[in-house]
Amino acid sequence: TIRLKAGLTQKQLALAIGTSQPQIAKIESGRHDPVMSTCKRLSVALGASLDVICDAMERQAALNAAKEAK
């Protein structure tokens, strides 16, 4: 949601932070927990605070855990 509000595709965001589109997909789906340096780059590229980025990743991880529990 944050990326879409910023008007970026996964590929554009990946280029902006120096990673790959599949890596962005893994982060967004909650299948990868990025290191702090990646979170900082995401924050800058998306114009969102680290708190907002971290909260979004935590919500996605919780959703994934709930799906797996079913």
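## Basis

The model is predicted: local features need pLDDT of at least 70, side-chain atom pairs count only at pLDDT 80 or more, and totals for chains, interfaces and linings use all residues. Residues are numbered from 1 along each chain as its sequence is written, and side-chain values use heavy atoms, without hydrogens or water.

## Helix 3

Helix 3 spans residues 21–29. Helices here are DSSP runs (H or I, at least four residues), numbered from the N terminus. The buried residues of helix 3 are I24, A25 and I27. Buried means under 20% relative accessible area, exposed over 50%, and partly exposed in between (1.4 Å probe, protein chains only). Down the helix axis, these buried residues fall within an arc of 165°, so they line one face of helix 3. The arc is taken from the directions from the helix axis to the C-beta atoms.

The cover over these residues includes helix 2 (10–17), helix 4 (36–46) and helix 5 (50–69). Just after helix 3, G30 takes a positive phi of about 80°.

## Q10

Q10 lies in helix 2. Q10 has a relative accessible area of 19%, so this residue is buried. Leaving out residues up to four places away in sequence, Q10 touches R3, Q21, I24, A25 and E28. Contact means heavy atoms within 4.5 Å.

The side chains of Q10 and E28 are joined by a polar contact of 2.8 Å. Such a contact is a pair of N or O atoms within 3.5 Å; within protein, one must be able to donate a hydrogen and the other to accept it, and residues adjacent in sequence count only if both atoms are side-chain atoms.

## The largest pocket

The largest pocket holds about 380 Å³ of space. A pocket is an open set of points on a 1 Å grid over the protein atoms alone, where a 1.4 Å probe fits, with protein on both sides within 12 Å along at least five of seven lines; lining residues have an atom within 4 Å of a point. The volume is the space filled by probe spheres set on the points. Of the 15 lining residues, T1, I2, E28, A56 and M57 are the closest to the centre.

Helix 1 (2–5), helix 3, helix 4 and helix 5 each supply at least two lining residues. Helix 5 gives the largest share, 6 residues.

## A62

A62 sits in helix 5. A62 is partly exposed, with a relative accessible area of 47%. A62 and G47 are 15 residues apart in sequence and 24 Å apart in space, C-alpha to C-alpha.
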